[in-house]
Amino acid sequence: MSENHPKHAAGEHGRPDHKDPHHPSPAEEETAAVVSVDTAGGAMEPSAVPATAQSGQLPGGPDTLLRRIFTGSGMVSVLAVLLALIIGGLLIASTDKQVATTATYFFARPTDFLSAVWTAATRSYIALFQGSVFNPRGNSVAAQFAPFMETLTIATPLITAGLGVALAFRAGLFNIGAQGQIIVAGILAAWVGFALNLPLGLHLLLVLVAGIIGGALWGGLVGVLKARTGAHEVILTIMFNYIALYFLRYLLNTPAFQRPGESNPISPILDATAVYPQIFGSQYRLHLGFILAIGATVLVWWLLNRSTLGFEFRAVGANPKAAQTAGINVSRSTILVMAIAGGLAGMSGVAQVAGTEKVLTDGVAATYGFDAITVALLGRSTPWGTFAAGLLFGAFRAGAVQMQIQTGTPIDIVLVVQSLIVLFIAAPPLVRAVFGLNPRRKKPARAAKSRQAATTGGAA
Amino acid sequence: MSTTVSSPRPGTPQPAGTDNGTATMSAKPVGWKTPVLLTAFGLIALVFFGLLAPNQTASFGISTSEDFFQLPALAVNAFAGGLVLSILLLGLAGYAVYLKTKGRPAPGWLTITFIVLFVAAFLIWVVGGARTPTISLAGLIAGSVTLAVPLVFGSLSGVLCERVGVVNIAIEGQLLGGAFTAAIVASMTQNPFIGLLAAAVAGAVVSMVLALFSIKYLVNQIIVGVVLNVLVSGVTGFLFSTVMQANKAQFNSPPGLDIIEIPVLSSIPVIGPILFRQSLVGYLMYIAVLVVWVGLFKTRWGLRVRAVGEHPQAADTMGINVNATRFWNVTLGGAVAGIGGSFFTLVAIDSFTKEISGGRGFIALAALIFGRWNPIGAFFAALLFGFADNLQSIVTIIGTPVPSQFMAMLPYLVTVLAVAGLVGRSRGPAASGIPYVKG
């Protein structure tokens with residue numbers, strides 16, 4: 001692998017003359033169309049991270065590498081998911097008892113071993129699917145689709161927090177702080193929800209506004225510190241996550257937040273007027289927050305691709321110095337983008353306290369804030385990509401619970417698969433190499449030549 | 001930019017136009033920030049630690065029973081002590097303001113003295129207000145060192161990686177991987193030393209993935225780091241649930257590394273327990289700090305490493321293989337962090353649990369920045385975090401008016417203050433985070 005790669009790199013990015021077709025297939029054209037909508041007609045490259053943060057110089061410049069990653073991205077994404085699932089399956093199989101038993105007589109009957117591996121992996125994945133999309137064993141149609149509703153419920157906070165992370169990525173900021181932003185939003189939203197008595201409608205609106213403001217303040221504070229002092233936002237957001245968590249733990253032990261007559265750190269249940277209505281009746285947990293998440297996706301899409309502000313964000317993300325020179329106030333952009341990102345993460349906090357959980361505990365953010373980072377990365381920081389990634393990871397989360405119950409495979413496998421997906425999607429040449437999609441060299445001489453090209457820079 | 005930044009080492013080249021993107025564009029010769037912040041903290045100290053301090057005597061035990069000779073406990077009236085210290089603090093702040101009016105920046109010793117005095121005032125205030133206003137200072141410091149061990153290894157890993165131009169967010173994953181591997185290998189071989197070695201290998205493997213993706217595939221280093229943390233957490237969690245819990249005796253009962261006492265020396269008050277009553281990992285920590293410092297700043301290897309991290313093009317021109325240097329340094333860094341991870345399962349606790357590193361990799365990252373990318377600076381920064389961590393558990397026991405959650409928040413607040421500029425704007429290696437592609 002490490003031996004081979006430079007050849008691929010050189011072959012791909014270095015030589016524009018190789019045979020690999022540049023004509024996109026119909027499917028690719030479709031993706032490209034979606035993408036071009038998403039990127040203002042291709043004026044901006046929706047890379048996972050803006051070019052400044054991403055790398056110094058890319059071989060061959062953006063015309064070859066980025067464009068190629070991009071045109072092939074649909075295919076690579078699918079293959080990356082597949083590869084991650086295969087590795088996850090191997091990990092599941094490696095700890096399976098039946099696999100271990102058959103491995104002892106592998107050389108006598110290798111088919112036994114292979115079928116045991118296959119069974120172990122697929123059993124878990126089928127359970128995962130049944131727990132997240134469709135359960136054929138359900139008594140009624142409603143019960144059969146219950147897993148899908150659960151997926152949407154879990155996807156809701158992932159989508160909004162993921163949008164916050166994605167938006168910050170586009171402006172060149174690594175917002176690791178969705179976790180803390182969700183927590184602060186949850187604190188404010190929950191307090192408004194259980195402490196105030198307001199009429200129906202207004203109460204919920206205030207809960208939502210309080211949550212968004214809470215998240216925006218927590219995110220915006222990072223923006224202010226970054227803009228004023230130049231402190232790195234990665235460190236700041238990580239620290240703010242912990243500060244928020246301990247603050248929440250403190251509050252849950254105070255009379256103002258602790259449920260009366262309760263010794264555990266748990267808040268009162270939110271008023272009935274303060275919670276999201278359930279969309280498809282009380283049989284599913286799916287609540288209004290999901291509709292709002294769709295709305296937020298549209299809003300972020302509009303913000304990034306149709307508004308002046310969004311253009312400024314992207315300009316700052318692409319090259320802060322150029323943006324500064326062009327008259328964009330970089331400090332203002334930094335503060336604003338962090339505040340909006342925090343507000344989006346705040347919506348996740350509201351979805352948790354006013355939708356799914358209906359109380360405030362110190363696990364209000366679960367791991368949504370951290371998962372949001374992988375969601376945004378998988379979605380390549382585009383609004384609809386993030387939306388889709390949120391659905392996928394929501395499905396993983398929902399299905400993992402069922403998988404653990406049915407097959408005993410620990411939920412942690414989901415973390416493995418998720419992180420592998422992001423890793424592979426970020427490194428298309430690796431995925432292509434694994435699946436043998438890299439263009440082959442015809443003669444050894446040319447291979448040698450291209451290796452030399454790699455060591456001398458690869459950039460033609 | 002080169003006017004306000006304080007480079008990690010004076011004399012390191014500061015190539016133009018290699019702003020990391022972290023700095024704002026405005027660069028003033030001497031800012032008001034430090035004097036203002038110092039004054040604000042001086043006033044906080046005066047009001048809370050001085051005027052509002054309880055009139056109770058705080059006593060700090062200095063000797064432990066195992067020492068050669070017993071030093072008397074240090075007893076301070078909280079009110080008087082707080083008042084004196086806060087006036088000293090305000091004096092320092094005033095001096096900083098005076099220097100500012102002369103157009104000179106506050107010197108480093110001033111900030112450091114300020115921090116030390118502030119911590120002392122805080123300590124007197126916290127202990128003075130407790131139900132039992134007595135703590136063992138020796139125990140507090142020795143405990144801080146113990147808690148700081150994984151942090152020091154983690155931040156050394158960060159130093160090694162960032163000095164060569166690769167941002168290492170994956171310290172958490174390296175610690176966790178080391179902890180897990182140390183536990184499982186030591187359990188299976190019943191030999192903690194093999195476990196320690198395996199931990200180093202595990203950390204190196206995590207690092208190699210980081211290096212492979214960031215150097216060969218040019219994936220953004222922060223992305224790889226973040227994702228690796230999740231990956232390691234997932235893999236160790238998965239194997240913990242499936243393998244370790246199924247057979248705890250065989251896979252998750254590692255023999256520990258014993259505390260090695262150096263005769264005579266370990267009985268010196270205060271210093272003895274810190275320097276001469278440590279586990280093997282603890283002694284390795286001191287050695288590692290010194291070796292990395294000497295290596296980076298006094299050897300040819302270190303010069304090359306720093307050149308690659310500051311100006312890879314120049315290093316390349318001089319015949320240094322930039323990407324190979326990066327790859328092996330990152331790998332070495334991972335091995336160091338892996339050893340730090342073994343501390344959790346071989347010294348601190350005698351078995352592995354999920355997420356045993358508990359976010360300390362991120363604290364190590366903060367210590368690295370706090371310590372300005374210098375091994376010795378990172379060591380003391382990590383000590384400060386260990387101190388805050390230990391203080392939190394001790395003051396919870398002696399019962400103070402400060403809620404324990406706020407004490408737990410302290411290290412993170414300190415970090416925010418530190419990176420936001422109390423200690424001056426810090427600047428990492430210029431090429432850190434930027435992949436190097438020839439041509």
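For the complex, the predictor gives an ipTM of 0.81 and a pTM of 0.81. Chain B has an average pLDDT of 83, and 90% of its residues score at least 70, while the average in chain A is 80, with 79% of the residues scoring at least 70. In chain A, the pLDDT stays under 50 over residues 1-67, a stretch for which the model has 121 contacts beyond four places in sequence. Over residues 442-460 of chain A the pLDDT is likewise below 50, and this stretch has 35 contacts in the model beyond near neighbours in sequence. In chain B, residues 1-28 have a pLDDT under 50, and the model has 46 contacts beyond four places in sequence for them. Where pLDDT is low, the predicted coordinates should not be read in detail.

The secondary structure of chain A comprises 20 helices and zero strands, whereas chain B has 16 helices and five strands. Of the 460 residues of chain A, 54% count as buried, and buried residues make up 54% of the 439 residues in chain B. When contacts between residues at least 6 apart in sequence are considered in chain A, 75% of them join residues at least 24 apart; in chain B, 78% of the contacts with a separation of 6 or more are between residues 24 or more positions apart.

Strand β1 of chain B, which covers residues 57-61, pairs with strand β2 (residues 74-77) of chain B in the antiparallel sense, over four bridges. Within this pairing, B:Phe60 of chain B stands opposite B:Leu74 in β2(B). Strand β1(B) also pairs with strand β3 (residues 134-136) of chain B, here in the parallel sense and over three bridges, and the bridge partner of B:Gly61 in β3(B) is B:Ser136.

In chain A, helix α17 spans residues 383-407, and its 25 residues reach 35 Å from the first C-alpha to the last, which is close to the 36 Å expected at 1.5 Å a residue. After α17(A) comes A:Gly408, whose phi is positive, near 75 degrees.

Helix α18 of chain A (residues 412-426) contains A:Val422, which counts as buried because 26 C-beta neighbours lie inside 10 Å, where 20 or more are required. Apart from neighbours within four places in sequence, A:Val422 is in contact with A:Thr374, A:Leu377 and A:Leu378, as well as with B:Val227 of chain B. The C-alpha atoms of A:Val422 and A:Gly379 are separated by 9.3 Å, although these residues are 43 residues apart along the chain.

The largest nonpolar core has 273 residues, of which A:Ala354, A:Phe424, B:Ala367 and B:Ala382 touch the most other members. The most residues in this core, 14, are given by helix α7 (residues 221-244) of chain B. For B:Ala382, when residues up to four places away in sequence are not counted, the residues touched are B:Ala148, B:Leu151, B:Val152, B:Ser155, B:Ala364 and B:Ala367. In soluble globular proteins, nonpolar side chains tend to be buried together.

Notes
Residues numbered from 1 in each chain as written. Chains lettered and ligands numbered in written order. Core = buried A, V, L, I, M, F, W, Y, C linked by C-beta atoms within 7 Å. Buried ≥ 20, exposed ≤ 12 C-beta atoms within 10 Å, placed from the backbone. Helix = DSSP H or I, 4+ residues; strand = E, 2+ residues; numbered from the N terminus. Contact = placed C-beta atoms within 7 Å. Expected span 1.5 Å × (residues − 1). pLDDT = per-residue confidence, 0-100. Pairing = 2+ DSSP bridges.
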